Amino acid sequence: MSEKIPVLELQRVDKSFGPIEVLNEVSLKVNAGEVLCLLGDNGAGKSTLIKTLAGVHKPTRGKILMDGQEVAFAGPRDAAGRGIATVHQFGGTFPLMSIGRSFFVGVEPTKGWGPFKRFDRKKANEIAVKAVQDFGITRIDDGERLVGGLSGGERQSLAIARAVHFGARVLILDEPTAALGVKQASHVLRIVNETKRRGLAVIFITHQVMHAMAVGDHFAVLIRGAIAADFRKGEKTREEITDLMAGGETMAQLEANVEGNT
Amino acid sequence: MAAVATGGTGGLGRFALRPEAGSFLGLIVVYTFFAILGGQNFIGSPGWSSWLNTAADVGIIALPVGLLMIAGELDISVGAVLPASSLTVAIISGHFGLPIYLGIASALGVGIAVGFLNGLLVTQTGIPSLIATIGTMFGVMGLTLGFTILIAGSTGVFITPDPLTKSLFGDALGGMFQVAIFWWSGFAAVIYWLLHVSPWGNWIAALGGDRVSARNAGIPTQRLTILLYMLSGFAAAFVGVTQVITFGSAQVAAGSSFIFNAIMCVVIGGVLLTGGSGSVIGIVLGTMTFAIVNQGIFFSGLNPNFGSIVIGALLLAAVLSNDTFHALALRHAAKRS
Amino acid sequence: MDLISSLLRRPDAASVLSLVGVLAFYMLFGGVDLGRFAAAGSWVNFAANLGIVALPVGLLMIAGEIDISIGAMIPAGSMTTAILSGYYGLPIWVGMAAALALGVLVGLVNGLLTVRTTVPSLIITLGTLVAMQGVVLSASELLTGNSSVGVKAPEWAKVLFGQLIGGSHQVIIVWWLILTAFFAYVLQETRFGNWIYAMGGDKESARNAGIPTQRLTIALFVLSATCASFVGMCQAILFNSAQVSGGMGFIFNAIVSVVVGGVLLTGGFGSVLGIFFGTVTFAVVIQGIYFTSIDRNWSNLIIGLVLLIAVAMNESFRKLALSYVPRKGNKAVNV
């Protein structure tokens, strides 16, 4: 297991904006068919890390490796072209487009030829609906519905299904369950598991320890831009992880602090 | 001031970072240009009165429109409020012969009412302000036209103001400088206080920067937006009053040129349409620049139509340099932190 | 019930309802003879001239941009045609080609400035609007010494661009219908249409999805400026003369038509059919009032009311479209 070449690996990556250092010697790896949970409080550098992984930012120092080969992303499109897909908190970014239309933005299927090449919306709708139904979301059966009309969980599922359909190898999920209720969140977690089963490497960013423990194989805790802890499933309890996220302080200490201050 | 003592470049650098730096440079360049071409006439009082009169009229409207733009909103309806106000004065005090203060009060009331309606539409319905105020512009234009024809039977209405009113709103000092110039200075002082001294200024900038955060910070965003629209309605109505008293007649068709002219003054003055930043001094400088080009062209011996080209070019130059200045200011801030 | 709700979810629903409402109002309170009104050319001519400009402006608004320089491009198109082919006596096709080329050029400037800077397109096109007004005015006075220039078009150009069909209907109506069909096809049936929606929805994501957003934005600006100068060119050929003024009214008229037509000003939502009906509604209000016993001076008030009502309808229909869940079998719709 540990001999596998990781699909995506960061080696001692630093990222600073001017004098401000946001990421400090971050090393991570994620294998195919595994879920890496990235835990961290607000402001821990999660979003900078995501943007570095997705090719938006270039690391100031350190290496990014894919399949053991060093890579330098020219931009988000380059990263996407290499199979890194990012799904943001609210899923689709085109709420006023139909499911079929938004699914194929930029890669529309066409029929006909030459100047009469038409966007094959029927095909687009069918493929989009089938892709999301394959993930068990059977409530979506009409590709003409607007994305903005879907529930939060359905939107996440649609976005994940889209990434998988277009051959993503690494799926970065940015707080997919943060804005969802318990039931919706469990839908999304089920889909994360299904994605893993299909052999994708998943990076699951969250601050909800429960959600992370439900799907994670590997965990990393990010504090002030550095990896504070790195462990595998079953190595730490929920309380230990929560304490880690709180910056090393234990819950008991935190409670004492809170009481002392009020 | 300390910057001057410590070194010229520091002071200059700090000056260049101020939002009104670009508009001040533009003003100098434009004035010099027309001073060379226009000669003694332009540098003397005929020139000054000519562009100051123009600047005063558009400037009174540009100030609150600028505040709105800093708050991230637009007001197109000023172009319809101006003639509506002129005609209200002319109909009430001219056609019906009622006391002039009644006419003026009603006219200003019309402006405030339209502003209130704009504010309500923008804050309560979520319609973008461009569209909402285009709607009220058409509405007010229609009402003005319809009622004027209905009451007065023609599209132009006359009025002969009494000497006191005339001297307050419609006189020209030395036969050249209209009193509107003093009103403009007054407006500028009040709005300067509002934006740069009172806590309201911060609120307005916060509104344009990020409306949701502003509301979360406890700023009464809705009331503030409505008040700003009432202010711009009031200002447009005020200019309508000064015009009808100056010229002794009101025309239905006047005013539409003020819409874009006011926006241009504001933009030349360094206010970004995207909201969140800008200064009253910048708006005043932008208005002067606009007026100097607008009137200076007649002193220059050039084809008057070149004026439009210059203003268009100036506007583009202003927004492009705004872009640069803004980026510079941000970079500067980032370096210091 | 199902049919009604599915019709209301369309982006063009409000424009059709506005049109029906205005017609009903004119018939009930103005005593319009519908037969006589339908046969009249005045409102169709008005709609066609406005519509050819409103279509590309609408596409730009769906893509999240706006173009107000069209107000200067209509007289620019007609003056270019008249000065070159009338005053200088060059063949008509030279004037026409130059008019269209000017549109392409101004569109390029608008588009390039929009994609290269962070300045909103409203301000950029306000700049080109004023600058082009100045250019057109000075060019006509410097070159011809006049603010109105005559032009005599040969028969073929008249037939194609400037004849009156049946003595009352301008041939530009045909162009308007062709362009409506063309734009509807592009927006609904091609991938470019999908790109335009995506750009208006979220430019950043659209770019990351591989859409050439910059080139597409520039192309749309070129389209709107060229369509505006096309309208000017047709007017010059029809009326045998060109005036430097006129065109400013088109700015707000086009925006109102587009918004009544259900296009979301912030982008990402709308349809060509809606823009079409929005334009027709506008033309019916402005020109139809002459067929009524209502004083024509109230027409602007009606426009303002129609605009605000249509926008309110658009908002609620869009919410309807968003909350729509298809009915499955006999199960009740759950919202």
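## Asp67 of chain A

Asp67(A) sits in the loop between β4 (61-66) and β5 (69-71) of chain A. Strands here are DSSP runs of E with at least two residues, helices are runs of H or I with at least four, and both are numbered from the N terminus. The model is a predicted one, in which local features need pLDDT of at least 70, side-chain atom pairs count only at pLDDT 80 or more, and totals for chains, interfaces and linings use all residues. Residues are numbered from 1 along each chain as its sequence is written, while chains are lettered from A and ligands numbered from 1 in the order in which they are written.

Although Asp67(A) is not a glycine, its phi is positive, at about 50°. Asp67(A) counts as partly exposed because it has 14 C-beta neighbours inside 10 Å; a residue is buried with 20 or more other C-beta atoms within 10 Å of its own, exposed with 12 or fewer, and partly exposed in between, with C-beta atoms placed from the backbone.

## Asn240 of chain C

The loop between α12 (213-239) and β4 (241-243) of chain C holds Asn240(C). Asn240(C) is not a glycine, yet has a positive phi of about 60°. With 14 C-beta neighbours inside 10 Å, Asn240(C) is partly exposed.

## Contact between chains B and C

Chain C contributes 40 residues to the contact and chain B contributes 37 residues, two residues being in contact if their C-beta atoms, placed from the backbone, lie within 7 Å. On the side of chain C that touches chain B, α7 (121-144), α13 (248-260) and α15 (299-322) each supply at least two residues. α7(C) gives the most to that side, with 15 residues.

The side of chain C that touches chain B comprises 25 nonpolar, twelve polar and three charged residues. Nonpolar covers Ala, Val, Leu, Ile, Met, Phe, Trp, Tyr, Cys and Pro, charged covers Asp, Glu, Lys and Arg, and the others, Gly among them, count as polar.
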